[in-house]
Amino acid sequence: MAFDQPLDSISPSVATAIDRERDRQESTLGMIASENHVSEAVLEAQGSALTNKYAEGYPGGRYYGGCQHVDTVEEDAIESAKALFGADHVNVQPHSGTQANMSVYFAVLEPADSILSLSLSHGGHLSHGHSVNFSGQLYDVDQYEVDPDTGYIDYDDLERQARETDPELIVSGSSAYPREFEYERIAEIADAVDALHLADIAHVTGLVAAGVHASPVEHAEFVTGSTHKTIRAGRGGIVMCDEEFADDIDSAVFPGAQGGPLMHNVAGKAVGFAEARTDAFDEYAEQVVANAKRLADVFVERGLSLVSDGTDKHLLLVDLRDSHPDLTGKQAESLLSDAGIIVNKNTVPGETRSPMVTSGIRVGTPALTTRGLEEAEMETVADCIVDVLDAPDDEGVTDRVASQVDELCTAYPIYE
């Protein structure tokens, strides 16, 4: 029977692609800020028989029978998240960070209500109101920006804009802003204009959990996040909120935004959250930030321009327009990929090129930190990156850097 056959017998092409992807991850330095490597335990949970189970509803109130064991899994995930973040209410069912945001919008907004959020080209996220996303199509969106001279958010200007636009919801959070948000200040601004505050911590979920990044839980009615970036849990999203909004959020997630939860992913979240409650995870999170700061120091020493001149967290945004004006972000991404260093092109404040070309690259440290690299290795990686950018047509440089990358990957394997 096909049911009993191994993957490579049923679908050789898929089996080969999986093997090659695992080899690719092992043999390259993954520096995309939104990516990480999960543990074998998380992989085991996500590849389990829980993938077979429908569990519409919530623990103790499912629409299907046979949910006693998946109830345990989801309850474990919820309790670990509450312990990590100190939240009143937690929903671990969203399939992604975007659907987590969707649930908040559906819970408290009506179509055409007003949102104030960070512009995509200044570090924001599609789900915060970009025109190509449902959020920008359903709601009236105004967006704030970073100061063009400093690269930091100007909170006085944000307050002015909030008073002018009178939004129902202010969104803090980003996908490419390298500095911490002043959550308390944003909460004060939201209160002043009678708005609610949604803090999207998708990128820094793990850093917040470990206490190495400011937490918005005390300063926002809603906190959303991804569960597979800095926190290394199962892929998906999470919503945390004040108790008064618990029923509205749960209803907005199911049945409002999605059907049955992906219980194998919820299991991955439960395992990852349990790992995040250990001292070893706290040390990892501290190292993520230390690695990013060291990377930033070397970049600046080597002449690269960084948005806001550095970082508070796990990512850097490199603006190539000053140091390499003829090099686009797309070209830089490709050049570095040829040498075995994986980053992504990214728009920068004041961007004049298209999002498919860009003038910058985003560089992150979570995955390399998971592999065990520390500041000394980050200096080598930083030099490798700048060497490639400085000599885009020199195959000898690319080959030399590729050799250095091979040495690092061999010395710091992902899965032994």
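**A pocket and a helix pair in a predicted model**

Visitor: How do the residues lining the largest pocket divide into nonpolar, polar and charged?

Guide: This is a predicted model, in which local features need pLDDT of at least 70, side-chain atom pairs count only at pLDDT 80 or more, and totals for chains, interfaces and linings use all residues. Residues are numbered from 1 along each chain as its sequence is written, and side-chain values use heavy atoms, leaving out hydrogens and water. A pocket is an open set of points on a 1 Å grid over the protein atoms alone, where a 1.4 Å probe fits, with protein on both sides within 12 Å along at least five of seven lines; lining residues have an atom within 4 Å of a point. Ala, Val, Leu, Ile, Met, Phe, Trp, Tyr, Cys and Pro count as nonpolar, Asp, Glu, Lys and Arg as charged, and the others, Gly among them, as polar; the lining divides into 15 nonpolar, 18 polar and 9 charged residues.

Visitor: Which element gives the largest share of this lining?

Guide: The lining of the largest pocket has 42 residues, with Arg235 among those nearest its centre. Helices (DSSP runs of H or I, at least four residues) and strands (E, at least two) are numbered from the N terminus. The largest share, 6 residues, comes from H2.

Visitor: What is the handedness of the crossing of H4 and H11?

Guide: Helix H4 (residues 68-85) and helix H11 (residues 263-276) pack at about 35°, with axes 8 Å apart; axes are lines fitted to C-alpha atoms over the stretch in contact, and angles run from 0 to 180 degrees between N-to-C directions. Contact means heavy atoms within 4.5 Å, and Val70 of H4 and Phe273 of H11 are among the residues making it. A crossing is left-handed if the near helix is turned anticlockwise from the far one by less than a right angle, and right-handed if clockwise; this crossing is left-handed.
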